Amino acid sequence: MSTPTLLILPGDGIGPEVMDQVTRIIDWFGAKRDMPFDVTTDLVGGAAYDAHGVPLHDDTMARAQEVDAVLLGAVGGPAYDDLDFSVKPERGLLRLRKEMDLFSNLRPAQCFDALADFSSLKKDIVAGLDIMIVRELTSGVYFGEPRGIIEEGNERVGINTQRYTESEIERAARSAFELAMRRGKKVCSMEKANVMEAGILWREVVTRVGLDYPEVELSHMYADNGAMQLVRAPKQFDVIVTDNLFGDILSDCAAMLTGSLGMLPSASLGAPMANGRPKAMYEPVHGSAPDITGQGKANPIACILSFAMALRYSFDQGDEATRLENAIESVLASGARTADLMGPEGGTPLSTSQMGDAILAALDASL
Ligand code: IPM
Ligand code: MG
């Protein structure tokens, strides 16, 4: 096979800082594991707006469609808050998701043993936590029509539409069941079938898809109850499948269970390409964190773990992904911490690049 291609879009805020560390990790796999990648870098979000007046240039979009995987840092920042909605940094990200048709967004929430004390919940509630949220990413209220702000009588009305076709629900559900088969064989589907027709259809279709997976135990929960259960007893879950908006909210909630948003990766997957690999984009769940941008404080782990997901889901290198995850685990177990992971006992936090150094050293030690 030819050298796999990666498009790196560092984006805004801390995106470029954390992505620099990922680039070092990619180089390590090229040099030490004979796994070279053909990497190109481009702009997205506010950075693209500054250069081109749009949050994603058409050439960048075209390149994203061609490569084996896209790695994205983060988009947005206060400098862009007053821009017109159509050119806000977030529109660049949403365009990538929509045009690449990345319908299945995998957001794992895993609690590293060394960090169980950092959760806002009691240690025994989160220790060993390992759940996977599958968020539908290309439809629902994020993209539904009609939408807009219209005049009605003497006031304005804001309109968005929750809309799901059966096939959109089906493909998201199927990816959740497939994942569950390789994990704990449980799927919990979350919607609001008590108030939304889209929720009724969601429940019906997920139930139907579930018939193809008799080994998987399927349950349903209203999304508000799901939020409550996530903070009450998160270990009851294995795979959660939910729509675009509920998935956005529930995944932030699940993320915080693990102690820091700076730890959580994600994968957004679409249909297989001609070479058999899925269309794919990998990004940390955290945002651009303008408050700490440029200070060398950012935690690069979520972005590095996103590259580990790329190794697993795009390049069929599950063992190498595990090598990288284990390296991170051992670095944390040794007590190394970035500023977001400092406990009340204090200590000196590592900078972004020092955390990169530590992970590279642990990778060397794994050989
Ligand atoms: C996320 C983010 C995005 C979303 C924003 C930046 C558009 O919150 O990926 O969770 O709402 O999907
Ligand atoms: Mg979000």
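Me: Is Gln229 buried or exposed?
Reply: In this predicted model, Gln229 counts as buried, because its relative accessibility is 11% and the cut-off for buried is under 20%.

Me: Where does Gln229 sit, and which residues is it in contact with?
Reply: Gln229 belongs to helix α8, which spans residues 223–232, and once its neighbours within four places in sequence are set aside, its contacts are Met221, Pro234, Gln236 and Phe237.

Me: Switching to the ligand, which residues surround ligand 1?
Reply: Ligand 1 has Glu90, Arg97, Arg107, Arg135, Tyr142 and Asp248 around it, and sorted by class this shell comprises 5 charged residues, 1 nonpolar residue and no polar ones.

Me: What are the distances from the oxygen atoms of ligand 1 to the side chains of Arg97, Arg107 and Asp248?
Reply: For Arg97, a polar side-chain atom is placed 2.7 Å from an oxygen atom of the ligand. In the case of Arg107, a side-chain N or O atom lies 2.8 Å from an oxygen atom of ligand 1, and for Asp248 the separation between a side-chain N or O atom and a ligand oxygen is 2.8 Å.

Me: And how much of ligand 1 does the protein cover?
Reply: On its own, ligand 1 has 320 Å² of accessible area, and the protein covers 75% of that.

Me: Back to Arg97, which residue does it form a salt bridge with?
Reply: Arg97 pairs with Glu283 in a salt bridge whose closest N and O atoms are 3.6 Å apart. Since Arg97 is in helix α4 (residues 89–99) and Glu283 is in strand β12 (residues 278–284), this pair ties together parts that are 186 residues apart in sequence.

Me: Are those two buried or exposed?
Reply: Arg97 counts as buried because its relative accessibility is 6%, and Glu283 is buried as well, with a relative accessible area of 5%.

Me: How many salt bridges does the count come to?
Reply: The count comes to 22 salt bridges. Among them is the one between Arg208 and Glu170, where the closest N and O atoms are 3.9 Å apart. Arg208 lies in helix α7 (residues 197–210) and Glu170 in helix α6 (residues 166–181), so that pair connects parts that are 38 residues apart in sequence.

Me: Which residues are linked with Arg208 and Glu170 in a network?
Reply: The network of salt bridges links Glu166, Glu170, Arg174, Arg208 and Asp212. As for accessibility, Arg208 is partly exposed, with a relative accessible area of 41%, and Glu170 counts as partly exposed at 26%.

Me: What about Lys185, which side chain does it meet in a salt bridge?
Reply: The side chain of Lys185 meets that of Glu215 in a salt bridge, with an N to O distance of 3.5 Å. Lys185 is partly exposed, having a relative accessible area of 29%, whereas Glu215 counts as exposed at 53% relative accessibility.

Me: New topic: where is Leu121, and what does it touch?
Reply: Leu121 is placed in the loop between β4 (104–110) and α5 (123–126). Leaving out residues up to four places away in sequence, Leu121 touches Val126, Val231 and Leu257.

Me: What separates the C-alpha atoms of Leu121 and Gly11?
Reply: Those C-alpha atoms are separated by 32 Å, and along the chain the two residues are 110 residues apart.

Notes: Residues are numbered from 1 along each chain as its sequence is written. Chains are lettered from A and ligands numbered from 1 in the order in which they are written. This is a predicted model: local features need pLDDT of at least 70, side-chain atom pairs count only at pLDDT 80 or more; totals for chains, interfaces and linings use all residues. Side-chain values use heavy atoms; hydrogens and water are left out. A residue is near a molecule or strand if one of its heavy atoms lies within 4 Å of it. A polar contact is a pair of N or O atoms within 3.5 Å; within protein, one must be able to donate a hydrogen and the other to accept it, and residues adjacent in sequence count only if both atoms are side-chain atoms. Accessible areas come from the Shrake-Rupley method with a 1.4 Å probe; for residues, only the protein chains shown count as cover. Ala, Val, Leu, Ile, Met, Phe, Trp, Tyr, Cys and Pro count as nonpolar, Asp, Glu, Lys and Arg as charged, and the others, Gly among them, as polar. Helices (H or I, at least four residues) and strands (E, at least two) are DSSP runs, numbered from the N terminus. Buried means under 20% relative accessible area, exposed over 50%, partly exposed in between (1.4 Å probe, protein chains only). Contact means heavy atoms within 4.5 Å. A salt bridge is a side-chain nitrogen of Lys or Arg within 4 Å of a carboxyl oxygen of Asp or Glu.
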